[in-house]
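Please examine the fold shown below with attention to its sheet and its surface.

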Amino acid sequence: MTKEESLDLAGQDAAKTLGDQSFDFITLGCAKNQVDTDRMRALLLGAGMSEAEGTEDADVILINTCSFLQAATKESLAVLFGVAEDMNEGGLPQKPIIMCGCVPSRYGSELEKELPEVAAFVNTDDEDGIVQVVGNVLGVGVQTSAASGVSISEGTFLRTIEGTSAYVKISDGCDRFCAFCAIPYIRGRYYSRKPEQIMDEVRHLMEGGVREVVLIGQDTGIWGCDLEGDDMTLAWLLRQVAEVVRPYGGWVRVLYLQPEGMTDELIETIRDTPEVLPYIDIPIQHCNEDILKRMNRSGSEDQLRELFARLRREIPGMVLRTTGMVGFPGETEDQFEQLCDFIQEEEFDYTSVFAYSPEEGTKGATMPDQVSDEVKLEREQTLHDIAEQLGSSATAAHLGETVDVIIDGVEEADDGVELIGHTWFQAPDSDGAVHISSGDVSVGDIVRVKLVDSAVYELFGEIVEG
């Protein structure tokens, strides 16, 4: 179905409502996209729609896209073309496809003539209007927010999380304009969500069975800088969220802290607030001062070493995650080796590794001395091997410990049923899991587990009774 055909349906059968229709979401990219999908999903369910088990059974298909890197944009387009092709080859009815998220936000109106397979495009800023968009595409009547019980224009905290952990966005956009990053051009300038909105959402999630909230944003450390009040800091917010989750025995984790965001107040709050996990994620990208300046980032190797030494001193036993980028324009072999030595010597528990990608519209894409793809891939593999060796050792170092584990799911195993969970030093969907052979527990339970074996980032444990 072309976009024109689907839009021509609007108004043809206004007697029908969204309650007669079903949808299916395909979500690509980062955790922030997953939060956006969950919000749109909740709005559609609240408007009376049902969720199909897959694209074959849906009346409308929504693809929430990622465009952070060229590879992510290509994947988003490949998924779109794959869905359209599957309908053609399978003789299935041509159903409208709606493209949401970063790709429409980044490329705008030029997509309309390039992608006739898409019935409608929804930018990240317009996702609260998803109910009306879907109604228009399907040509059915849409209930008002009062009739449906869902607030569409105002921020709603309705979520549909069924798991034990949930991401909560505390901010969006970014003002850093790093030379390698397109996020400010996709999601706009930085803004903080209001604390009462965040607390309401966290409370709703905990009441629904979530046991861990993961606070995310492009730059979480500066939360509150654009809000009124001197106490509007991330440290203050963490303490407020901790009070909300405390009655449920819940955990609070925060991701994506830039080095400049590690204030005295924040370090003390992480150390002294039991609900806030001592898990610190600081994406450094590089340690060489010249490369950092070219990236439009601040800092130096000495300053980073001083920061990490201080964190280890102030928060004993904490876990550190970082990100390293190789092959930025002008990076020499010596500068790359400096990064490898830094990662090795700092012994990060987890390190994500990326090869630089020249993104359209960013400063880095037009810089001289671009590093060849062949060299970037070699460097990426070298740093990845270092990171995996460090991560494997850090994981094995926990053997013999007895830790709290949130049970996330149950899987069939060769010798019966296996429980899958994660503990405090494992961020969900990122850092491996804890595998437990048996136990009379349910998904969502927090149980004591003795860690007895490991394999790279995976851990194996036994439930401790009593």
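Predicted model: local features only at pLDDT ≥ 70, side-chain atom pairs only at ≥ 80, totals over all residues.

Residues are numbered from 1 along each chain as its sequence is written, and side-chain values use heavy atoms, with hydrogens and water left out.

An open sheet of 5 strands runs in the order S3-S2-S4-S5-S6 with parallel pairing. Helices (H or I, at least four residues) and strands (E, at least two) are DSSP runs numbered from the N terminus, and two strands pair if DSSP finds at least two bridges between them. The edges are strand S3 (50-51) and strand S6 (120-122), each of which pairs on one side only. Helix H3 (residues 70-89) packs on the sheet and touches S2 (22-27), S4 and S5, contact meaning heavy atoms within 4.5 Å.

Strand S4 (residues 60-65) pairs with strand S5 (residues 97-101) in the parallel sense over 5 bridges. S2 and S4 also pair in the parallel sense over 5 bridges. Isoleucine 63 of S4 stands opposite isoleucine 26, and its bridge partner in S5 is methionine 99. Why is S4 largely enclosed by the rest of the structure? The reason is that 6 of the 6 residues of S4 are buried, that is, under 20% relative accessible area, where exposed is over 50% and partly exposed lies in between (1.4 Å probe, protein chains only). Val60, Leu62 and Asn64 point one way from S4, and Ile61, Ile63 and Thr65 point the other way.

Valine 443 counts as partly exposed because its relative accessibility is 45%.

Notes: Axes fitted to C-alpha atoms, helices over the stretch in contact; angles between N-to-C directions.
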